[in-house]
Amino acid sequence: MRRSNSPCFRICVAALLALSTSILATTAQAQSPNPLAEAQTLLQQGQQSQALDKVERALAANPKDRQARFLKGVILAEMNKLDDAAAVFVKLTEEAPELPEPYNNLAVIYAQQKQFDKAKAALEMAIRTHPSYAVAHENLGDLYAKMARQAYDRALQIDSKNTNAQAKLNLLRDLTTASTPPAASKPVIVAAATPATKAPAPALNPQPASQPPAANAPVAKPPVTVVATAPVTPVTPAAAQPASKPATTTAAPAEDDKKAIRTAIQAWAAAWSNKNAKEYLSYYAKDFQVPDKKARKAWEEERTQRVTKPGEIKVSLSDIDIAVKGSEATVRFKQHYDSSTFNSASGKTLAMVQRNGRWQIQQERIGR
Amino acid sequence: MAGVSDAGPDATISLIMRDIDQNKLDVALTRTENLLRLYPNFRLAHLIRGDLLLARTQALTTFGNASNAPADRLADLRDEAVMRLRGYKNRPAKDAVPRYLLQMREDQNHAIVVDTQQSRLYLYRNDKGRPIFVADWYISQGKAGAEKQREGDNKTPVGVYQVTGVMPPEKIGDFYGKRAFPLNYPNEWDKMQGRNGHGIWLHGVPKDTFARPPKASEGCVVLANQDLDALSSYLQIGVTPVIISNGVEWLSLDDWQNERTALNKEIESWRADWESRDINKYLDHYSDRFRSGNQNREAWGKQKRDVATGKSWIKVDVRNLSVLRNPGKEDLVMVSFEQDYRSSNLSNVAKKRQYWAKEGGRWKIIYEGTL
């Protein structure tokens, strides 16, 4: 039985990414190794208290550092010190009311504390500061769903004691996703808040796909929605996509190509849904950039194992945006992955190439 | 018709539904949230709120889109919504009178009429015998519906009753709310029909509950605590009639007046014929199926004849008359009065009850007894 969509809240992945990129740049001249970058790494490894130590060290040197404080809030949130985390973000919203991210994360914490009205107000503030701030919009949608769930629980006298545990798990997962961000997601918003951080993005390897938990995941694991959507369309640097050339004025989008690409990625998703690993892998080009610099064979084995994992799944795509340049294309869409234990909706960007009349995936990134 | 319910939750729910029809979902949500501030345990309102919130994230498919919801609870809330909306919409016209309240006693300040089909209770004021609408409220009835016959059949009785007392909360427990008013089920007529069971009350709901589903009780009539509070101030123990109907019949004032006049005339004719000491004329008011305790019509007639022969005069006064029609297909009326009987050799005052039934176009007495 497929369970209902359980809304979750995206702690501000994008902002965090931007932090990690800019931290390297801003503090590079000060000292090495960089405590904030280390904190990031430690957080990704689940070592929150060590991560917190690093952040505290950075804050001792520079108590006003907004990024350090933001990261501290995220770490505290993940440590489930929600009140402390909320205090950090509240302070940030007071000092920098033009930034949507602290509002957004504050909303995530309020939502976990079931203070839905406050969460709603915080998200509305995030949207007011940046009307097109996608994460806040999505969170608001999830919040409504969560509030609806709570209303239904009250209506139907359903015991929702474990909703707290659910929310906590959601947060953890979000941060896990945040640990493997797309290479170049760099929201304009945060760049503005952190003056002149034009350093190149670190070479982080994207995950091949949002990864559902293993089939033997703990039973308590609720269905969650993992979204690693960057708030704004990332600027893909040339390094990440060696084949892409500057746009030429002659490159009129070929409708036939778009149609063929659309068919190809729908078939790719269908093969995934149908657990047809062989077909699924056939959509990847020979020169597909295997993530984590793994060997192609190892990656194929891993994907085969994941794709054929028992249990009903459904992968579907929406909001497909295709940009064709000759025999290359950039395809962005929202990927919905639903299984009995796990639901996700994540932004995906595929770099595709046409080989022998077939459109194939050359690069696959989380984020749009 | 103006009344308490115009300010109650059903009026608001009706407005919310109108808002939804007109696609004013934000207005509907605000209205629902205001309603919940007033009645935090109003589960139906929570359900509507859930729908209105969910409508912001996805298309709705039904009323009550809660996934994984226990189907029975969802069905209960849907039923409640239907009953509340229908009951509020179908409230009686201004000049309509429930057929049952033919003659209220002077000291019966109010009367209650319950419609199990509409899940609704109507309160009437006695204005010199004429019932005037005061208020109406949503109620719950027995799980198995109306027309109780047997102990444990989970049905609500249909008939003419009165509240016989009041039970305080410490005696009844939270489940029944702040107080309970027992009814005199089974009444004489019920017993004659072989109906049994006991403990049919008007009562409230637990603290964590605003209202229960339309069919929820073991036969009791259940009101929201606030509604029962409001109703309590009108109730006179042992006096206020409680008429439970499985579908109230409403009469125009003219028809009501005609029916009332016809019956009062028959009752007056019975009284006068008794005074006349013409026992044949007197007995003509009694049905062939008449019973009073162990006596049938023949035994009753013989006794009256024996008594009358020794008397030079009889004077009968009927005071504090109440004439309440029994709900149902049969033309049956419960008549209660204080009988002041004086005669040449014996006088007494007694509280009497009769049941009159229409037989071949004429009202006849089928039961008579002392209260």
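Reader: Which residues does B:Trp313 touch, not counting residues up to four places away in sequence?

Author: B:Trp313 touches B:Ser343 and B:Ser344 once residues up to four places away in sequence are set aside. Touching, or being in contact, requires that the C-beta atoms of two residues, placed from the backbone, lie within 7 Å. This is a predicted model, in which local features need pLDDT of at least 70 and side-chain atom pairs count only at pLDDT 80 or more, while totals for chains, interfaces and linings use all residues. Residues are numbered from 1 along each chain as its sequence is written, and chains are lettered from A and ligands numbered from 1 in the order in which they are written.

Reader: How do you know whether A:Tyr152 is buried or exposed?

Author: A:Tyr152 has 28 C-beta neighbours inside 10 Å and therefore counts as buried. A:Tyr152 belongs to helix H8 (residues 134–156) of chain A and touches residues of the other chain, namely B:Leu47, B:Gly50, B:Ala66 and B:Ala69.

Reader: How many residues of chain A are in contact with chain B, and what classes do they fall into?

Author: On the side of chain A there are 13 residues in contact with 18 residues of chain B. Those of chain A divide into eight nonpolar, three polar and two charged. Ala, Val, Leu, Ile, Met, Phe, Trp, Tyr, Cys and Pro count as nonpolar, Asp, Glu, Lys and Arg as charged, and the others, Gly among them, as polar.

Reader: What makes helix H2 of chain A largely enclosed by the rest of the structure?

Author: Seven of the ten residues of H2 (residues 35–44) are buried, which is why this helix is described as largely enclosed. The buried residues are A:Pro35, A:Leu36, A:Ala37, A:Ala39, A:Gln40, A:Leu42 and A:Leu43. After H2(A) comes A:Gly46, whose phi is positive, near 85°.

Reader: Why is H6(A) called roughly antiparallel to H7(A)?

Author: The axes of H6 (residues 100–112) and H7 (residues 116–129), both of chain A, come within 8 Å and cross at roughly 165°. Axes are lines fitted to C-alpha atoms, for helices over the stretch in contact, and angles run from 0 to 180 degrees between N-to-C directions. Angles over 145 degrees count as roughly antiparallel, those under 35 as roughly parallel, 65 to 115 as roughly perpendicular and the rest as oblique. H6(A) is therefore roughly antiparallel to H7(A). The residues of this contact comprise twelve nonpolar, two polar and one charged.

Reader: What makes the pair H6(A) and H8(A) roughly parallel or antiparallel?

Author: Their axes come within 10 Å and cross at roughly 15°, and H6(A) is therefore roughly parallel to H8(A). The contact is made by A:Pro100, A:Asn104, A:Ala107, A:Val108 and A:Ala111 of H6(A) and A:Val135, A:Ala136, A:Asn139, A:Leu143 and A:Lys146 of H8(A). By class, there are seven nonpolar, two polar and one charged residues.

Reader: Why do strands E8 and E11 of chain B stand at the edges?

Author: An open sheet of three strands in chain B has the order E8-E9-E11, with mixed pairing. Strands E8 (180–182) and E11 (221–222) each have a single partner strand, so one side of each is left without a neighbour in the sheet. Two strands pair if DSSP finds at least two bridges between them. E8(B) and E9(B) (residues 201–203) are joined by three bridges and run antiparallel; B:Pro182 has B:Trp201 as its bridge partner.

Reader: How many bridges join E7(B) to E12(B)?

Author: Four bridges join E7(B) to E12(B) (residues 241–245), and these strands run antiparallel. B:Gly159 stands opposite B:Ile244. From E7(B) (residues 159–162), B:Gly159 and B:Tyr161 point one way and B:Val160 and B:Gln162 the other way, and all are buried.

Note on methods. Helices (H or I, at least four residues) and strands (E, at least two) are DSSP runs, numbered from the N terminus. A residue is buried if 20 or more other C-beta atoms lie within 10 Å of its own, exposed if 12 or fewer, and partly exposed in between; C-beta atoms are placed from the backbone.
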